[in-house]
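The points below are grouped by topic and can be read alongside the coordinates.

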Amino acid sequence: MATMHHPLLVLLIVLFIEIINCQVAFESLCSPEVGVAGMASMDGSNEFEIDLYQSKFLPEDTVSLSIKQKRPNYAINEFVLHAFDYDGNAIGRFDNPQMGDLTLNHHTCSNGANVVYADQVKGRGYSEVPLEWKATGIHHSLDQVVFRATVVSNRQSYRVISAPLKRRLSSEIIPYHDQSINIDYCGESQGCLIVPQQCNNDAKCDYALSWQAIDAETAKFHIVARAQGFVGVGFSNDEKRGDDQVILCTKDAEGHVYVHNMFVGVQTPQYVFRGRPSYGLREADSYSNATHIICKFSRSLSPHTENLGDNDGRGRDRIDREKFVDLKKPHFIYPIYSDESLMTAQGMRIPLQDIAIVNNHPVDFERRIWPKSHPQAASVLAKIHAILNIIAWVLLASAGVMIGRYFESLWPDYERLVVMDSATGAVTGEKYQQRRRFSYFTILPPLMIAVAILTWIAFFCILFELDWKWTYGTHHIWHSILGVVVLICAFFSPIVGVMRPVPRTKRYCVWYWIHWVFVSLAHCLAIPVIFLGMDNRRLDLWTWCSWLLFGWCIFHFIVQLIFEIHACCRARQEYDRLQGAEHYSEKNVDLRIRKESIPGETWKPALLGIYLCITLVVVIILILAVIFYQGY
């Protein structure tokens, strides 16, 4: 018998040592930095997370949360979880006595708050540990709480911090930046769903929804609706309501608004995950006032799924994956808003609404619509694109249009001469034509060729900047489409110009109008294209630049109107042109030749000079604005 006592004693000693080693010794449980005896501590944000099931709290609320794995690892063994205020003081209470086979311990701090911990875990550990925290004893000035956890996994200590749990604002208090949706940015920096569709700002709209891409996987939604019961948005695979995922923001009797992720068959909504109303949603904020309910949330474009599983292979949260909408595929969306309460005697019910799905096509949420911002200076290629187009169309093309349209008679190809009697000085009535070295036609083709070259260089610069891809957004689409039209007209304009036939023939008349269409269309569209280019995310110039260009457009119109009125008045004065006449001075020794007087030959060049000087100043200012633009 004595010989058997020694093996038993050794076995008991080994078991005792194993029990001691399995129990983790936590140090300074009430401090933000909890130590673990014999273990180094490291950042655990890539391995574990603290998932808050709610984004807001009120005093005495019970908040559900969990410590969970972010990816497959050695699981959660021992842990400590506590809530802290700004000053690092533990606040609130955890009251969970036990979770399955996991025994939870509580340590009360000197201020009455407590922390929850497990210092001895049997088995392989846990992928998720759900807990509850009660906001008791919270100071009235505290506006947010942060949870901290120390997780032991595979004999390594990890530090984990949660996102802030913010205090729910009193009803009627809405942050200024959340009060409205800027409908002017719809299609430019955000997608929108508006009811009624013709309303021009969200103050006059019954319902306004906007969404923006946060990154390639996440979208942010913002709802402002005129309602007092609940608002939301539905995602549907077809153009009919029913069997859809809906996000509902419901208002309670105190005016507080809560965000729910739900699935609705016909009228009866059900939580996607019972006990976790906002499961699958992030950064949920919601408010209300006397007229509107405002709701904000973010969600993944892909179905919200957990990649981890329990031992039986099923998803650890036991939810129906088919209830999640995959927004990486196009979906119809429809508005939800009502003054009625979501809660009825028969339970939660969405009342029947005579609101059709107002978008007649599925929404592609993967289309990259980025928030409008001015984070940094535009790229060098974008600036070159802008500068070349400003020089080409504000300066050179405008000068070419003025000269080609109103200075043909003043600077013609052939100068008209009249013959005078050398003795009496009287005009004999005889007229001649003499070719000029300088004429409007020696100016116009080089100008338009320069315009075409600069436009094409600018086009290739922006194509290279965009990596040879088409751009998106309402402003960008119209800037691109109209820009391509201008580009084509600029290409053909000088080609048609050098094919000019003999003047005052039928062919000349046809040529004149073809050339006029190309030049006029290009110039009329180029200036609006420049306006659109001043207001986009790549080169969003200051507002005064648009006003400067607008003022120049008025000045250009006034100058062109003066020239046009003079041309109309002069059109009544007909004079003969001598075709092919030659002047031989040696055969007219007793005659003198002088230049024929042309109306406007004095003031028209002066007005053109003033126009070109002012235009040049405007162009220089705009070029400097583009060069020195550094974002704002």
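**Salt bridges**

R226 is partly exposed, with a relative accessible area of 34%. The model is a predicted one. R226 takes part in a salt bridge with D206, and the structure holds five salt bridges.

*R226 and D206*

- The side chains of R226 and D206 meet at 3.8 Å, N to O.
- R226 lies in strand β19 (residues 218-226), while D206 lies in the loop between β17 (191-195) and β18 (207-213).
- The two residues are 20 residues apart, and the pair links distant parts of the chain.
- D206 has a relative accessibility of 31%, so D206 counts as partly exposed.

*E33 and R148*

- A salt bridge joins the side chains of E33 and R148, at 3.7 Å from N to O.
- Because E33 sits in the loop between β1 (26-27) and β2 (35-36) and R148 sits in strand β14 (residues 144-153), the pair ties together parts that are 115 residues apart in sequence.
- E33 is partly exposed, at 48% relative accessibility.
- R148 is also partly exposed, with a relative accessibility of 24%.

*D51 and K68*

- The side chains of D51 and K68 form a salt bridge at 3.0 Å, N to O.
- D51 belongs to strand β4 (residues 48-52) and K68 to strand β6 (residues 62-69).

**Strand pairing**

*The five-stranded sheet*

- Five strands form an open sheet in the order β17-β18-β19-β25-β24, and their pairing is antiparallel.
- β17 and β24 (281-288) are the edge strands, each pairing on one side only.
- On average, neighbouring strands of this sheet are turned by 10 degrees against each other, direction ignored.
- Within the sheet, β18 and β19 pair in the antiparallel sense over seven bridges.
- L209 has I223 in β19 as its bridge partner.

- Strand β3 (residues 41-43) and strand β15 (residues 156-161) pair in the parallel sense over three bridges.
- D43 stands opposite R159 in β15.
- β14 and β15 pair in the antiparallel sense over six bridges.
- The bridge partner of S153 is Q156 in β15.
- β14 and β15 make up a hairpin with two residues between them.
- In the turn of this hairpin, N154 has a positive phi of about 55 degrees.
- R148, the partner of E33 in a salt bridge, lies in strand β14.

**Helix packing**

- Helix α2 (residues 380-406) packs with helix α5 (residues 506-533) at an angle of about 145 degrees.
- The axes of α2 and α5 are 10 Å apart.
- The crossing of α2 past α5 is left-handed.
- On the α2 side, the contact consists of N389, I390, W393, V394, A397, S398, V401 and R405.
- On the α5 side, the contact consists of Y512, W516, V519, A522, H523, A526, I527 and I530.
- The residues of this contact divide into twelve nonpolar, three polar and one charged.

Note on methods: Residues are numbered from 1 along each chain as its sequence is written. This is a predicted model: local features need pLDDT of at least 70, side-chain atom pairs count only at pLDDT 80 or more; totals for chains, interfaces and linings use all residues. Side-chain values use heavy atoms; hydrogens and water are left out. Axes are lines fitted to C-alpha atoms, for helices over the stretch in contact, and angles run from 0 to 180 degrees between N-to-C directions. Helices (H or I, at least four residues) and strands (E, at least two) are DSSP runs, numbered from the N terminus. A crossing is left-handed if the near helix is turned anticlockwise from the far one by less than a right angle, and right-handed if clockwise. Contact means heavy atoms within 4.5 Å. Ala, Val, Leu, Ile, Met, Phe, Trp, Tyr, Cys and Pro count as nonpolar, Asp, Glu, Lys and Arg as charged, and the others, Gly among them, as polar. A salt bridge is a side-chain nitrogen of Lys or Arg within 4 Å of a carboxyl oxygen of Asp or Glu. Buried means under 20% relative accessible area, exposed over 50%, partly exposed in between (1.4 Å probe, protein chains only). Two strands pair if DSSP finds at least two bridges between them.
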